[in-house]
Amino acid sequence: MRLPTYFVSHGGGPWPWMKDQYGPAYAELEASLVGIRQAHGEAVRAVLVVTSHWETPGFMVSSGGAPGMIYDYGGFPPHTYQVQYPAPGNPALAQRVAALLGAGGHPVGLDAERGFDHGTFSMLYPVYPEARMPVVQLSLRRDLDPQAHIEAGRALAPLRDEGVLILGSGLSFHNLRQFGPSGAAASKAFDGWLQQTMTLAPPERTAALLRWETAPMARAAHPREEHLLPLMVALGAAEQEPAACVYHEEDFFGSLTVSSFRFGGS
């Protein structure tokens, strides 16, 4: 079975452990994440997370067998700095990811010490709350070149036939200075462009994403594009296949428009 790929808007900080504070704010996002597992079940043997919270000069792959935790957020309640997500790593898969990227001409390394950042563990907890699914993380390349990340996705496409679910973890709107009513217009405009772009034929879709900075309100939505780049990898790994919006809200935290997308499959 060939698995699809996903770009997931992962929400903010350690939200699955803050339901008392957030109430239903994340209910729709959580349901969409649970839906990923329901859709693919036993076909998934491991997950590769392309995380927006890890940047390195060249691509790096987490290769440890028992990754630790990275609490890469600030200002949250004390209990959120004690969260554990003890999913195993998968050193063999890490080697496979590195080999595919290397064969595609991408400088790549292995990091046996890298732990799970919140772009990984907060997003995966609703999908695999028992934390038994093996997880490997892939960094972004620090130059944030969209072409390089699409090409990386192309190189990783064989994993889809090997039971590896590729999840690009970012956020379709990521301007923390306008994470509220002031970001409503920019998030809506940029999301509208994303929705339209996802419906294009594959060559035009790829070309449009390479020119993402020309989209309406692009830099207002992404002053720095690290939370958009996981989308490029997910698309590259299923470049010739249709996209579907699998999560969409127009009132996230009362005012923001955010989305997640699936490429290929169902």
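Which residues in α5 meet which residues in α9? I opened the notebook with this point, working from a predicted model.

**Entry 1: α5 and α9**

I looked up the contact from both sides. From α5 I recorded Pro 146, His 149, Ile 150, Gly 153, Arg 154 and Leu 156, and from α9 I recorded Leu 229, Met 232, Val 233, Leu 235 and Gly 236. By class, this contact of α5 with α9 holds 7 nonpolar, 3 polar and 1 charged residues. I then noted the geometry: the axes of α5 and α9 are 6 Å apart, and the two helices pack at an angle of about 35 degrees. The crossing in which α5 passes α9 is right-handed.

**Entry 2: α3 and α5**

I next turned to α3, residues 91-103, whose axis comes within 8 Å of that of α5 and crosses it at roughly 120 degrees. Angles of 65 to 115 degrees count as roughly perpendicular and those over 145 as roughly antiparallel, so α3 and α5 are oblique to each other. I recorded the crossing of α3 and α5 as right-handed. On the α3 side the contact is made by Val 97, Leu 100 and Leu 101, and on the α5 side by Ala 152, Ala 155 and Leu 156. I sorted the residues of this contact of α3 with α5 by class and found 6 nonpolar, no polar and no charged.

**Entry 3: α6 and α7**

How do the axes of α6 and α7 cross, and within what distance do they come? I noted a crossing at roughly 150 degrees, with the axes coming within 9 Å. The cut-off for roughly antiparallel is over 145 degrees, and α6 is therefore roughly antiparallel to α7. Trp 193, Leu 194, Thr 197 and Met 198 of α6 make the contact with Arg 205, Ala 208 and Leu 209 of α7. The residues of the contact of α6 with α7 divide into 5 nonpolar, 1 polar and 1 charged.

**Entry 4: the buried side of α7**

I then listed the buried residues of α7, which are Arg 205, Thr 206, Ala 208 and Leu 209. Why do they lie on the same side of α7? They cover an arc of only 160 degrees around the axis, and this places them on one side of the helix. As background, an α-helix has 3.6 residues a turn, so residues three or four places apart point the same way. The buried residues of α7 pack against α5, α6, α9, β7 and β8.

**Entry 5: α4**

I checked α4, residues 118-127, for burial. Because 9 of its 10 residues are buried, α4 is largely enclosed by the rest of the structure. The buried residues are His 118, Gly 119, Thr 120, Phe 121, Ser 122, Met 123, Leu 124, Pro 126 and Val 127. I recorded β1, α2, β2, β5 and β6 as the elements against which the buried residues of α4 pack.

**Entry 6: two buried loop residues**

Is Gly 180 buried or exposed? I found Gly 180 in the loop between β6 and α6. Its relative accessible area is 10%, under the 20% cut-off, and Gly 180 is therefore buried. Beyond residues up to four places away in sequence, Gly 180 touches Ser 255 and Leu 256. The C-alpha atoms of Gly 180 and Asp 251 are separated by 9.7 Å, although the two are 71 residues apart along the chain.

I looked up Pro 67 in the loop between β3 and α3. Pro 67 is buried, with a relative accessible area of 13%. Setting aside neighbours within four places in sequence, I listed its contacts as Ala 87, Pro 88, Gly 89, Arg 114, Gly 115 and Phe 116. Pro 67 and Pro 181 are 37 Å apart in space, C-alpha to C-alpha, and 114 residues apart in sequence.

I ended with backbone angles. Met 217, a residue other than glycine, has a positive phi near 60 degrees. Met 217 lies in the loop between α7 and α8, and its relative accessible area of 41% makes it partly exposed. Phe 253, also a residue other than glycine, has a positive phi near 50 degrees. I located Phe 253 in the loop between β7 and β8, and at 35% relative accessibility Phe 253 counts as partly exposed.

Definitions and conventions. Residues are numbered from 1 along each chain as its sequence is written. This is a predicted model: local features need pLDDT of at least 70, side-chain atom pairs count only at pLDDT 80 or more; totals for chains, interfaces and linings use all residues. Side-chain values use heavy atoms; hydrogens and water are left out. Helices (H or I, at least four residues) and strands (E, at least two) are DSSP runs, numbered from the N terminus. Buried means under 20% relative accessible area, exposed over 50%, partly exposed in between (1.4 Å probe, protein chains only). The arc is that of the directions from the helix axis to the C-beta atoms. Contact means heavy atoms within 4.5 Å. Axes are lines fitted to C-alpha atoms, for helices over the stretch in contact, and angles run from 0 to 180 degrees between N-to-C directions. A crossing is left-handed if the near helix is turned anticlockwise from the far one by less than a right angle, and right-handed if clockwise. Ala, Val, Leu, Ile, Met, Phe, Trp, Tyr, Cys and Pro count as nonpolar, Asp, Glu, Lys and Arg as charged, and the others, Gly among them, as polar. Angles under 35 degrees count as roughly parallel, over 145 as roughly antiparallel, 65 to 115 as roughly perpendicular and the rest as oblique.
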